[in-house]
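Please have the picture open while I talk.

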Amino acid sequence: MTLDTTVGARHLARYGQEWWRSAVIYQVYPRSFADANGDGMGDLPGITSRLGSLAALGIDAVWLSPFMRSPQKDAGYDVSDYCDVDPLFGTLADFDDMLTRAHELGLRVLVDLVPNHTSDQHRWFQAALASEEGSPERAFYHFKDGRGASGDLPPNNWVSMFGGPAWTRTTNPDGTPGQWYCHLFDSSQPDLNWENPKVEEAFEAILRFWLDRGVDGFRVDQPHAMGKAEGLPDHPDVERAGAGFIEGEASPPMWFQDSVHPIFRKWRKILDSYPGERAMCGEAYVLPLSFMALWVRPDEFHQTFNFRFLDSEWKPEILFNSINESFEAFDGVGAPSTWVLSNHDIIRHATRMGGVQGRPTASDGIGPNDPQPDRELGLRRARAATLFVLGLPGSTYLYQGEELGLPEHTTLADEFRQDPTFYRTSGKRVGRDGCRVPLPWESGLGAANGFNRTGQAWLPQPEIYAEYARDRQEGVAGSTLELYKHGLATRRRLGLGEGSFDWAPEFVSENSLGYRNGDILVVHNFGHEPIALPAGEISASSLHGMTSGHDLVADQTVWLRIS
Ligand code: NOJ
């Protein structure tokens, strides 16, 4: 295999000084971060009480998954009131306290905005159900008559991302079957109609509500789903693509429609009208990256999640191409690339890298009946992967618990599962609960290792989580937590996030990848044989105890300062 580094990416130091171009942003999943009131569900006071540990980790910002009012049918991604806190998580006053504390600690805060769909319990949807066909209330959503003589077939062939049809039929007040409504996710998450200017107006007010409270920006859920092709035509390739799309082929009618871009331009203007570099990151699953780059043009989103990189198998050729594509696409529009290895929708990377990479999609999760990963190998590779990523210029997202090397819960019993994917596929896809289990803070403190004081947990931890608890790692040389702290501190000190990128051709092969960021050489060994390194000072190593003059062993990453 020859990887041609002469046509590979080159990235010059960042174009602007804004914080989001190089920030390390830590995803807090509020249900599972820390639980102050002991009811088994994480909450805002819990987050506030532990923010000090995040500041000490060395991150720049936190992104909070949704904590707004919600029936929790999709763990909060089904919002019934965008301007209030769900009582499960606390109150608006608790949110303000959390935000104040984060700002005192120098951390910025992004909140999750879910504009593609609401909860079916949202007053807009309840009003739509209670109103006539063709009414202004129904125009907030996509209501349509069914097909077939009696309208008992769904209006089109779309399928839900969570399995099953993307349409549910309503019942009229007199008990007769009514129109159908569209939901690209669960039936409890009806899609909003973004052709309706009233929806746009409502969301502009929601943006302002949170900006006025002082948030530093938003992570925007499924922005590429908001526009729908006129008339909601059939998906041209549902047999092959299912709910999704096939890259490079005809654009499906429910993903990345051009009509959405003016919306984000308006949002950008709103953010820009506030002081303090407010920013928004779009969860725009749009590939290839040359397409995604359109979403981060200078007057749209500040960042998008780099799904090409996230979906890349941990193999040199695949990563080489994905990094090249990333710099090429994002540099082309002057936006930073983001680098992500884990989040609340996919198998944790410490587990993915332990041998389950061949699974069809990482979001399918792993259940007790699946082949079980190799924990030790997974952790070793995950640590190396993280260090490889932290050396890259741009912005990086971390998912809570990865700094502990936390593996997925791969043996969760069915009775505990909550992800709608599990229920909508009758258990064929176990879903995403395994990466959402509450964090272990203090080993042996209650059944949930310090997640709270009562030991209750909305998802039970596996026994092994005690080994990963933060207190077992704090100050312990060689622990994953200390590796993250050291990597983040070094990245900051050396300005790697703002830095440059060039491949180091001598380390680009079928067994290794190497790149330079300023005078730091980052090399990872994918093979089995040791690799000789040039002389230099070791700035960081994924294996503890590495000293100068030693070879790079299998599954290891090193940062070498070459003068
Ligand atoms: C993406 C979110 O990350 C995921 O958790 C959620 O289920 C879907 N969007 C629907 O909101």
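This is a predicted model: local features need pLDDT of at least 70, side-chain atom pairs count only at pLDDT 80 or more; totals for chains, interfaces and linings use all residues.

**Strands, cores and cysteines**

Let me begin with strand E10 (residues 217-220) and strand E11, which run parallel and are joined by 4 bridges; strands pair if DSSP finds at least two bridges between them, and both helices (H or I, at least four residues) and strands (E, at least two) are DSSP runs, numbered from the N terminus. Residues are numbered from 1 along each chain as its sequence is written, and side-chain values use heavy atoms, with hydrogens and water left out.

Is strand E11 covered on its faces or open? Both faces of E11 (residues 279-282) are covered, since Ala279 and Cys281 on one side and Met280 and Gly282 on the other are all buried, where buried means under 20% relative accessible area, exposed means over 50%, and partly exposed lies in between (1.4 Å probe, protein chains only). As a general point, in a regular strand the side chains alternate between the two faces of the sheet.

Now to the inside. A nonpolar core is a set of buried Ala, Val, Leu, Ile, Met, Phe, Trp, Tyr and Cys residues joined through side-chain atoms within 4.5 Å. The largest one has 146 residues, and those touching the most other members are Tyr26, Ile59, Phe67, Phe95, Phe203, Phe218 and Trp267. Helix H5 (residues 197-213) gives this core its largest share, 7 residues. The core also draws at least three residues from each of domain 1 (5-118 + 197-229 + 259-472) and domain 2 (123-182), with bounds that come from an automatic or database domain assignment. Apart from it lies another core, of 10 residues, including Phe507 and Leu521.

Next comes an open sheet of 6 strands, in the order E1-E15-E16-E17-E19-E18, with antiparallel pairing. Its edge strands are E1 (10-11) and E18 (537-541), each of which pairs on one side only. Strand E15 (residues 501-503) meets strand E16 (residues 512-517) over 2 bridges, and Asp502 stands opposite Arg516. Further along, E17 and E19 are joined by 5 bridges, with Leu521 opposite Leu560, while E18 and E19 are joined by 4 bridges, with Ala540 and Trp559 as bridge partners. E19 is mostly covered, as 4 of its 5 residues are buried.

Helix H16 (residues 480-494) lies across E17, E18 and E19, running at about 35 degrees to E19; axes are lines fitted to C-alpha atoms, for helices over the stretch in contact (heavy atoms within 4.5 Å), and angles run from 0 to 180 degrees between N-to-C directions.

Finally, how many disulfides does a search of the whole structure find? It finds 0, a disulfide being a pair of cysteine sulfur atoms within 2.5 Å. As for individual cysteines, Cys182 is buried because its relative accessible area is 1%, whereas Cys83, at 25%, counts as partly exposed.
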